[in-house]
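Me: I am new to reading protein structures. Please take one part of this one and go through it closely, and then show how the rest relates to that part.

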Amino acid sequence: MIELSGVTKRYGLKTAVRELTCVIRPGLVTGFLGPNGAGKSTTMRMILGLDRPTAGRALVEGRPYALLRDPLTVVGALLEARSVHPGRTAYHHLLCLAQSNGIPRRRVGEVLDLVGLGAVGARRPKGFSLGMGQRLGIASALLGDPRILIFDEPVNGLDPEGIHWVRNLIRRLASEGRTVFVSSHLMSEMALTADHLIVIGQGQLLADTSMAGFIEENARSYTRVRSPDREKLLDALSHAGLDAAPSGAPGAEGAWELEGDRTAVVGELAAERRLVLHELGHHRASLEEAFMRLTSQSVEYQAHVGAEEG
Amino acid sequence: MSPMPRVLLSEWTKIRTVRATLWTLVSALLVTVVLGVLISVLLNNTFDDLSREDRATFDPTFISFSGTQLGQLAMIAFGILVVANEYSTGMIRSSLSAVPVRGQLLAAKLAVATALALAVGMVTSFASFLLGQLALGDHRTDLSEPGVLRAVFGTGLYMGLIALFAMGLTWVLRSPLLSFGVQIPFFFMISNILANVPATEKIGQYLPDQAGSRAMAVVDTGDWPYGPWTGLLIMLAWVAAAVLAGWLVLRHRDA
């Protein structure tokens with residue numbers, strides 16, 4: 001379990017993380033979602049004691065990270081920034097980390113095989129591709145067989161096969177009862193892996209909810225209908241006790257929306273009254289849209305074209 | 001906190017598995033010894049051209065250590081690389097994740113790297129002395145003469161301490177570029193100029209390298225206001241200050 005209480009990080013006048021309070025629980029994949037620059041990496045570095053919070057506390061299994069004995073056996077982390085000496089072989093990189101935490105030497109070979117780097121353990125990471133580097137980072141996170149895993153943008157730079165592998169790994173680690181905290185700036189990625197979501201924007205907590213709850217709340221399901229006989233259609237709908245509201249979606253001017261999937265009812269009503277329909281369909285707002293809506297107030301580096309249209 | 005022997009073992013693995021760092025130690029040894037021998041040969045051949053005064057204060061031990069002027073730069077490079085590489089490569093984030101008690105990481109790294117630098121320093125010092133004396137021919141001295149063994153050990157200590165000084169300062173400066181940019185010109189030129197220009201001589205003599213090099217001499221030329229052990233103590237004080245500054249910075253700054 002990871003507990004953040006009122007964690008704040010200021011760099012000079014800029015506040016990277018503002019009074020963040022949340023709990024990351026075991027047995028679940030907790031997605032940490034936010035646009036680039038929202039403070040995700042800073043938060044993760046504070047959990048690991050690399051950055052010191054300006055205020056508040058970050059606790060791991062009830063203690064500050066620095067007080068853990070053999071911390072790699074409690075928390076394994078893959079950070080976004082490179083954290084490997086390119087001139088030291090993958091094997092020796094893992095070996096020196098293992099030795100400092102009393103992890104047996106054979107574990108080094110095991111994790112290299114586990115991440116698919118078994119054949120290149122004797123090579124220096126300076127010749128590694130982005131994906132291989134990422135796998136080495138994951139190997140060092142798994143080295144101590146920790147109960148808590150922190151992955152900062154783990155699929156960055158991976159090919160589709162690698163992405164698939166990381167998703168499965170993350171799911172499996174959580175199913176083994178571990179605490180898994182994964183950051184991403186992509187909602188679609190989180191939708192596939194996370195059970196729980198913590199969303200931040202400009203360092204502030206925007207949402208702390210289950211994935212199912214987030215979908216329910218944000219990914220609204222609705223029926224859209226458009227007809228040249230607008231008045232007659234609305235009469236028919238209200239007779240049938242259906243509430244319709246004008247659509248606010250871009251490109252859907254003149255269309256009306258009903259909550260939920262009512263395509264069958266609306267289609268039958270229209271046929272009964274011999275009304276022409278130009279459009280009738282069931283839609284679901286994408287999670288990506290929901291996420292964009294949630295964070296649009298807090299995006300730091302927004303493209304101006306996008307901002308004007310939105 | 002992890003037990004110290006584990007962290008020491010880990011730091012030993014780190015040092016021995018990066019080739020570039022080890023090459024600086026090899027070059028410290030080779031440069032010091034080869035240059036020392038060359039200068040010894042040169043002085044042996046031109047001994048008769050020296051002034052009467054220079055002949056009277058001729059210090060064959062000190063002459064055989066002439067290579068340290070240049071060789072120490074490789075030692076300094078070793079000290080810088082051991083620490084700055086952690087920052088330039090991002091390895092520091094892995095290191096501090098594994099050993100989050102910062103003072104412990106610093107102590108373990110400095111202990112292992114300094115022990116290695118001292119060992120290489122001692123080998124360098126004995127090799128410089130023995131080969132240098134061979135090259136000095138009739139003007140040579142030997143280890144049984146008073147003060148000579150002390151000077152040979154002093155030179156080995158000097159080489160280890162100069163590396164430790166560089167490590168301490170590099171924890172403060174962090175970037176390899178900055179560390180090299182500040183330390184190499186300082187030890188190669190600025191310190192020598194300060195110690196040899198009459199106006200600044202008094203201050204220059206108390207700089208770490210100038211004070212430490214007092215321990216390399218056997219013959220007291222009267223140029224130094226202190227003895228060999230005091231010289232080493234002055235250098236040690238500088239080293240302690242550099243390490244303390246490094247520890248304070250490491251403790252308080254974000255990694």
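Reply: What follows is a close look at one strand, then at the packing, the charged pairs and a few places in the other chain. The model is predicted.

Start with strand E7 of chain A, residues 179–184. Six of its six residues are buried, so the strand is largely enclosed by the rest of the structure. The side chains leave the strand in two directions. A:Thr179, A:Phe181 and A:Ser183 point one way, while A:Val180, A:Val182 and A:Ser184 point the other way. Both sets are buried.

Next, consider what lies beside E7(A). Strand E3 of chain A, residues 29–33, runs parallel to E7(A) and is joined to it by five bridges. In this pairing, A:Leu33 stands opposite A:Ser184. Strand E6 of chain A, residues 148–152, also pairs with E7(A) in the parallel sense, over five bridges. Here A:Ile150 is the residue opposite A:Phe181.

Leaving out residues up to four places away in sequence, A:Phe181 touches A:Ile2, A:Ile24, A:Thr30, A:Phe32, A:Met44, A:Ile47, A:Leu149, A:Ile150, A:Phe151 and A:Ile198. In soluble globular proteins, nonpolar side chains tend to be buried together. The largest nonpolar core has 128 residues, and A:Phe181 is among those that touch the most other members, along with A:Val75, A:Ile138, A:Ile150, A:Phe151, B:Met75 and B:Phe78. Helix H8 of chain B, residues 148–173, gives the most to this core, with twelve residues. Apart from this core lies another, of ten residues, among them A:Leu237, A:Leu242, A:Leu258 and A:Val266.

Domain 1 covers 2–216 and domain 2 covers 220–284. Taken over C-alpha atoms, the centres of the two domains are separated by 47 Å.

Now the charged side chains. Side chains of opposite charge can pair when their charged atoms come close. Over all chains, the count comes to 22 salt bridges. A:Arg135 forms a salt bridge with A:Glu161, with the closest N and O atoms 3.4 Å apart. A:Arg135 lies in helix H4 of chain A (residues 130–142) and A:Glu161 in helix H5 of chain A, so the pair ties together parts that are 26 residues apart in sequence. A:Arg135 has 16% relative accessibility and counts as buried, because the cut-off for buried is under 20%. A:Glu161, with a relative accessible area of 51%, is exposed.

Another salt bridge joins A:Lys9 and B:Asp254, at 2.7 Å from N to O. This pair crosses between chains, from strand E1 of chain A (residues 2–11) to the segment after helix H12 (228–252) of chain B. A:Lys9 is buried, at 6% relative accessible area, whereas B:Asp254, at 21%, counts as partly exposed. Within chain B, the side chains of B:Arg214 and B:Asp220 meet in a salt bridge with an N to O distance of 3.9 Å. B:Arg214 is buried, with a relative accessible area of 4%.

B:Met235 lies in helix H12 of chain B and has 0% relative accessibility. B:Met235 and B:Pro208 are 27 residues apart in sequence, but their C-alpha atoms are 4.5 Å apart in space. Beyond neighbours within four places in sequence, B:Met235 is in contact with B:Tyr158, B:Leu161, B:Ile162, B:Pro208, B:Ala211 and B:Gly212. The other residue, B:Ser191, lies in helix H9 of chain B, residues 176–196. Its relative accessible area is also given as 0%, and B:Ser191 is buried. With neighbours within four places set aside, B:Ser191 is in contact with B:Phe186, B:Leu207, B:Asp209 and B:Gln210.

Note on methods
Residues numbered from 1 in each chain as written. Chains lettered and ligands numbered in written order. Predicted model: local features only at pLDDT ≥ 70, side-chain atom pairs only at ≥ 80, totals over all residues. Heavy atoms only, no water. Buried < 20%, exposed > 50% of the residue type's maximum accessible area, 1.4 Å probe, protein only. Helix = DSSP H or I, 4+ residues; strand = E, 2+ residues; numbered from the N terminus. Pairing = 2+ DSSP bridges. Domains from an automatic or database assignment. Salt bridge = Lys/Arg side-chain N within 4 Å of Asp/Glu carboxyl O. Contact = heavy atoms within 4.5 Å. Core = buried A, V, L, I, M, F, W, Y, C linked by side-chain atoms within 4.5 Å.
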